Amino acid sequence: MSNGIVAKRYAVALFQLAKEQNVIDQIENELLVVKEVFTTNQELIDVLNHPKVTNEAKKSIVKEAFSSLSQQVVNTLYLLVDRHRVDVVTEIVNHFVQSANEERGTEDAIVYSVRPLSDTELSAISTSFAKKIGKSSLRLQNVVDAKLIGGVKLRIGNRIYDGSVSGKLERIERQLVANRL
């Protein structure tokens with residue numbers, strides 16, 4: 001069975017548990033912390049995947065590293081250690097976040113701009129683009145990119161809405177080159 005399918009099954013089970021207990025936001029935030037730790041700490045992954053380290057030692061490491069997290073998240077990590085599946089943690093988090101977004105009617109997006117955007121500007125972008133994709137709102141992350149020259153570029157999933165000056169200049173350049181041929 002592929003890792004994607006396995007990760008989705010764990011994520012669905014954890015999401016259903018979080019939904020029953022009405023702690024979706026809390027579990028999501030905790031899982032994002034776990035994902036950050038797993039993506040930035042290769043030594044931890046190496047130890048958790050090492051065949052000579054016992055499962056009890058691995059669980060002790062998990063308990064110590066994630067002691068401030070809820071029991072649901074820690075138990076899920078224990079289960080992944082027992083089943084030698086710690087390599088799917090980031091995929092589980094991604095699937096969980098996707099399920100949580102669907103439940104709330106939101107979508108995660110990244111806004112690239114020349115300067116940090118105000119809360120009012122982010123709210124306006126969220127409102128207008130959420131309607132375009134059929135969601136109630138967008139959770140925006142603002143990334144400053146001086147190469148844009150001006151305007152904004154929005155990435156929602158695999159879709160990009162480019163309203164930047166540099167993007168417009170690139171489109172004009174492609175048109176001019178295409179007309180020259």
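Contact here means heavy atoms within 4.5 Å. By that rule, and leaving aside neighbours within four places in sequence, L138 is in contact with E107, A109, I125, S126, F129, A130, I133, L154 and I156. This is a predicted model: local features need pLDDT of at least 70, side-chain atom pairs count only at pLDDT 80 or more, and totals for chains, interfaces and linings use all residues. Residues are numbered from 1 along each chain as its sequence is written, and side-chain values use heavy atoms, with hydrogens and water left out.

- Helices (H or I, at least four residues) and strands (E, at least two) are DSSP runs, numbered from the N terminus.
- Strand β1 covers residues 106–113 and runs parallel to β2, with eight bridges joining them. Two strands pair if DSSP finds at least two bridges between them.
- T106 has S137 in β2 as its bridge partner.
- β1, helix α7 (residues 119–133) and β2 make a right-handed β-α-β unit. Right-handed means that, with the strands pointing away from the viewer, the path from the first strand over the helix to the second runs clockwise.

**L138**

- L138 sits in strand β2, residues 137–144.
- L138 counts as buried because its relative accessibility is 7%. The classes are buried under 20% relative accessible area, exposed over 50%, and partly exposed in between (1.4 Å probe, protein chains only).
- L138 and E107 are 31 residues apart in sequence, yet their C-alpha atoms are 4.9 Å apart in space.

**Salt bridges**

- A salt bridge is a side-chain nitrogen of Lys or Arg within 4 Å of a carboxyl oxygen of Asp or Glu. The count by this rule is seven.
- E28 bridges to R104, with the closest N and O atoms 2.8 Å apart. E28 lies in helix α2 (residues 24–40) and R104 in helix α6 (residues 89–104), so the pair ties together parts 76 residues apart in sequence.
- E28 is buried, at 1% relative accessible area. R104 is partly exposed, at 28%.
- D82 forms a salt bridge with K59, and here the closest N and O atoms are 3.0 Å apart. This pair links distant parts of the chain, 23 residues apart: D82 is in helix α5 (residues 71–82) and K59 in helix α4 (residues 55–65).
- D82 is partly exposed, with a relative accessible area of 33%. K59 is buried, at 18%.
- Not counting residues up to four places away in sequence, K59 touches Y78, V81 and D82.
- The side chains of E121 and R115 also meet in a salt bridge, 2.7 Å from N to O. E121 is partly exposed at 29% relative accessible area, and R115 is partly exposed at 46%.
- Salt bridges that share partners join D25, E28, R104, D108 and R139 into one network.

**Nonpolar surface patch**

- I149, V165, L169, I172 and L176 form a nonpolar patch on the surface, with about 460 Å² of accessible area together.
- Patches are made of residues with over 30% relative accessible area and no salt bridge; like charges are joined within 9 Å, and nonpolar side chains (Val, Leu, Ile, Met, Phe, Trp, Tyr) within 5 Å. Accessible areas come from the Shrake-Rupley method with a 1.4 Å probe; for residues, only the protein chains shown count as cover.
- I149 lies in the loop between β2 and β3 (152–156). I149 is exposed, with a relative accessible area of 54%.
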